[in-house]
Amino acid sequence: TGKSEPSFMKLAAIQLAAGGSAGCVEVAIMHPLDLVKTRFQIQSNSPGTTDRVQYSGLRDCFVKMYRGEGVRSFWKGVIPPILVETPKRAWKFFTFEQFQKMFLFGRDKPNALTYSLAG
């Protein structure tokens with residue numbers, strides 16, 4: 001059928017797009033949990049403080065955020081992590097794919113050593 005291999009630039013673009021989109025999606029999905037974790041970390045329950053514990057648990061925090069601030073509150077501050085993670089993941093994915101080729105050591109397919117060295 002005469003299909004040729006895609007050019008390096010085309011493969012690089014595909015790998016960068018795949019890695020970047022994966023990073024962006026990961027942040028969009030995980031940001032609400034990260035935000036809840038941060039809210040737990042900054043609340044105080046130390047003796048002698050006047051601050052009271054705002055959230056009694058994970059569900060309580062999600063419910064209070066939703067009721068008090070709306071659904072958009074789960075993605076407050078999401079832009080900076082997206083701006084950091086998208087290019088970082090794009091570059092990681094691209095370099096992993098390139099290093100795999102370097103560490104084949106004459107084999108046709110990668111093995112565990114190849115993945116370990118490339119990762």
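View 1. Phe8 has a relative accessible area of 47%, which makes it partly exposed (buried means under 20% relative accessible area, exposed over 50%, partly exposed in between, with a 1.4 Å probe and protein chains only). A note before going further: this is a predicted model, in which local features need pLDDT of at least 70 and side-chain atom pairs count only at pLDDT 80 or more, while totals for chains, interfaces and linings use all residues. Residues are numbered from 1 along each chain as its sequence is written, and side-chain values use heavy atoms, with hydrogens and water left out.

The structure holds 8 aromatic pairs. Here rings of Phe, Tyr and Trp (its six-membered ring) pair if their centres lie within 6.5 Å; planes under 30 degrees apart are stacked, over 60 edge-to-face, and the rest tilted. Phe8 and Phe94 have ring centres 6.2 Å apart and planes at 65 degrees, so this pair is edge-to-face. Because Phe8 lies in helix 1 and Phe94 in helix 3, the pair ties together parts that are 86 residues apart in sequence. Helices are DSSP runs of H or I with at least four residues, numbered from the N terminus.

View 2. Phe94 is buried, with a relative accessible area of 11%. Its pair with Trp91 is tilted, at 5.6 Å centre to centre and 40 degrees between the planes. Both of these residues lie in helix 3, 3 residues apart, or about one turn of the helix. Trp91 itself is exposed, at a relative accessible area of 52%.

**View 3. Gln98, a neighbour of Phe8.** Gln98 is found in helix 3 and counts as buried, at 18% relative accessibility. Not counting residues up to four places away in sequence, Gln98 touches Phe8 and Gln15, where contact means heavy atoms within 4.5 Å. For a sense of scale, Gln98 and Leu33 are 65 residues apart in sequence and 33 Å apart in space, C-alpha to C-alpha.

**View 4. Helix 1 from end to end.** How far apart are the end C-alpha atoms of helix 1? They are 47 Å apart, which agrees with the 51 Å that the 35 residues of this helix (residues 8–42) should span at 1.5 Å a residue. The expected span is 1.5 Å times one less than the number of residues. At Met30 helix 1 bends by about 45 degrees, and a proline, Pro32, follows within four residues; the bend is the angle between axes fitted to the seven residues ending there and the seven starting there. Buried residues of helix 1 include Gly19, Gly20, Gly23, Val27, His31 and Pro32. Helix 2 (58–69) and helix 3 (79–102) are what the buried residues of helix 1 pack against. Ile14, also in helix 1, is partly exposed at 47% relative accessible area.

**View 5. The largest nonpolar core.** This core is made up of 6 residues: Leu35, Val36, Tyr55, Cys61, Met65 and Phe74. By definition, a nonpolar core is a set of buried Ala, Val, Leu, Ile, Met, Phe, Trp, Tyr and Cys residues joined through side-chain atoms within 4.5 Å. Helix 1 and helix 2 are the elements that give two or more residues to the core. Leaving aside neighbours within four places in sequence, Leu35 is in contact with Met65, Ser73, Phe74 and Lys76. Ser73 sits in the loop between helix 2 and helix 3 and is buried, at 1% relative accessibility.

**View 6. Helix 2 and the cysteines.** Helix 2 has 12 residues and reaches 16 Å from its first C-alpha to its last, close to the 16 Å expected. Just after helix 2, Gly70 takes a positive phi of about 90 degrees. Cys61 is buried at 0% relative accessibility, whereas Cys24 is partly exposed at 29%. A search of the whole structure finds 0 disulfides, a disulfide being a pair of cysteine sulfur atoms within 2.5 Å.

**View 7. Phe105, with a positive phi.** Phe105 lies in the loop between helix 3 and helix 4 (112–118). Its phi is positive, about 50 degrees, although Phe105 is not a glycine. Most residues other than glycine have a negative phi. Is Phe105 buried or exposed? At 53% relative accessibility, Phe105 counts as exposed.
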